[in-house]
Amino acid sequence: MKARRPQRDVVPRGALRALVLAALAEEDLHGYALARRLEARARGTFKIREGSLYPALHELELEGAVDATWTRAPDGRRRRVYSLTRAGRRAAKDARAEWLAIADTLQALFGV
Amino acid sequence: MTDVSIHRSSMYHGPMREEIERFVASLAIPADRKAIVLAELLDHVACATEAAARDGLDQEAAGRAALGNLEVLRRSLEAVETAFRITRKHAVGRGLVAALLVAIILDQGGSIMTGVVGALVVVAIAVVCAPPRALDLLRAELRAPRIRGALGMVRGIPIGPALSYAFTVISAPFLVWIALIIQRAYAGVTVVDIPWSAFALMTAVYLLLLVEGIRARREAAA
């Protein structure tokens, strides 16, 4: 029987950044949709905390990796949708390669 | 009934909206960033309550869960948003300090400051005195949409804190040197020796602006 993976409360900071970039590389998303997208993909292994998501998005915005545009939700409330810039697409590619390499290394070290 | 419920919860005419507003108002971040954070949090909680309504769950509880621990959120936001805090006035102040140091060091540094050492020293001073995350700010400013200038005749990039710092640090030393030349001329010293290191900072800044400007244009075109 396969052991159930425990749910993590937080995603490591560098990993969250890589996951955000990866999700935005597929589609432009607003904060809530981005959090749910990542959680759905993680199949319950972690929960995205808003305390880390928005600061991570704003940091990426400051670095020029993402752009944010204002739109409106169906009920008229203001909504910020994030998209990757060209630099962000490069950063997404690099982050993905880096984390996959780390995962490979850890698997080798633990003899998985 | 459900539609009304979803609509009311999304528009936030309840205690949660007030709680979010109070929280955002209490954040130690720039005012324009508060507006952004408030809109994002309201949208986030609205999405959570709408999803709860669709799934037949407790909307209030879903909204609170989506908001998470406000003190953790406060710490994270205040840590990141400070980079947006740098105002133009603050950047110009830092630029003036850097410019004064550059002017004095090149003027008083003697022959060692006329060459490569002088050039490296002035660039180092400009880097050390720069506002936090100045390069990130500069990139963001160069990517900003073009706006009409004060005269309304041409469109250009808005001059934000990073560009204010850059222009202050390259131009103010020359004002100091001109003042010194005039003052010394009155004292009878009419020989003016201009070392090439005096232009090193200007060259470095314009090269940086050129490279980052091209990058920003390319990104905009892509």
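How many bridges pair strand S2 of chain A with strand S3 of chain A, and in which sense? I looked this up first. The model is predicted, and I read it as such. S2 covers residues 66-72 and S3 covers residues 78-84 of chain A. The two pair over seven bridges, in the antiparallel sense.

**Entry: the hairpin and the sheet**

I picked one residue pair to follow. A:Thr71 stands opposite A:Arg79 in S3(A). Then I checked the turn. The hairpin of S2(A) and S3(A) has five residues between the strands. In that hairpin, A:Gly76 takes a positive phi near 100°.

Three strands of chain A form an open sheet in the order S1-S3-S2, with antiparallel pairing. S1 (29-30) and S2 are the edge strands, and each pairs on one side only. I noted that S1(A) and S3(A) run antiparallel and are joined by two bridges. A:Leu29 stands opposite A:Tyr82 in S3(A).

**Entry: surface patches**

I asked which residues gather in a patch of positive charge on the surface. They are A:Arg86, A:Arg89, A:Arg90 and B:Arg218. Helix H4 of chain A, residues 86-110, gives the most to this patch, with three residues. A:Arg89 counts as partly exposed, at 43% relative accessibility.

I then turned to the nonpolar side. A:Trp99, A:Ile102, A:Leu106, A:Leu109, A:Phe110 and A:Val112 form a nonpolar patch on the surface. Together they have about 660 Å² of accessible area. A:Trp99 lies in helix H4 of chain A. Its relative accessible area is 33%, so I logged A:Trp99 as partly exposed.

**Entry: salt bridges**

A search of the whole structure finds 19 salt bridges over all chains. I went through three of them, then a network.

In chain A, A:Arg37 forms a salt bridge with A:Glu26, and the closest N and O atoms are 3.6 Å apart. A:Arg37 lies in helix H2 (residues 31-42) and A:Glu26 in helix H1 (residues 13-26), so this pair ties together parts that are 11 residues apart in sequence. Both ends came out as partly exposed: A:Arg37 at 24% relative accessibility, A:Glu26 at 48%.

In chain B, the side chains of B:Arg64 and B:Glu60 meet in a salt bridge at 3.4 Å, N to O. About one helical turn separates B:Arg64 and B:Glu60, because they are four residues apart in helix H4 (residues 59-67) of chain B. B:Arg64 is partly exposed, with a relative accessible area of 37%. B:Glu60 also counts as partly exposed, at 38%.

Another bridge in chain B joins the side chains of B:Arg215 and B:Glu212, at 3.7 Å from N to O. They sit three residues apart in helix H10 (residues 200-221) of chain B, so about one helical turn separates them. Is each end buried or partly exposed? B:Arg215 counts as partly exposed at 32% relative accessibility. B:Glu212 counts as buried at 7%, since the cut-off for buried is under 20%.

Last, the network. Salt bridges that share partners join A:Asp75, A:Arg77, A:Arg79, B:Asp43 and B:Glu50.

**Entry: chain B overall**

Along the sequence the pattern is α-α-α-α-α-α-α-α-β-β-α-α. Chain B has 222 residues, of which 41% count as buried.

Methods:
Residues numbered from 1 in each chain as written. Chains lettered and ligands numbered in written order. Predicted model: local features only at pLDDT ≥ 70, side-chain atom pairs only at ≥ 80, totals over all residues. Heavy atoms only, no water. Patch = residues over 30% accessible without salt bridge, like charges linked within 9 Å, V, L, I, M, F, W, Y side chains within 5 Å. Areas by Shrake-Rupley, 256 points an atom, 1.4 Å probe, with all protein chains shown as cover. Salt bridge = Lys/Arg side-chain N within 4 Å of Asp/Glu carboxyl O. Lys, Arg positive; Asp, Glu negative; His and termini not counted. Charge placed at Lys NZ, Arg CZ, Asp CG, Glu CD. Buried < 20%, exposed > 50% of the residue type's maximum accessible area, 1.4 Å probe, protein only. Pairing = 2+ DSSP bridges.
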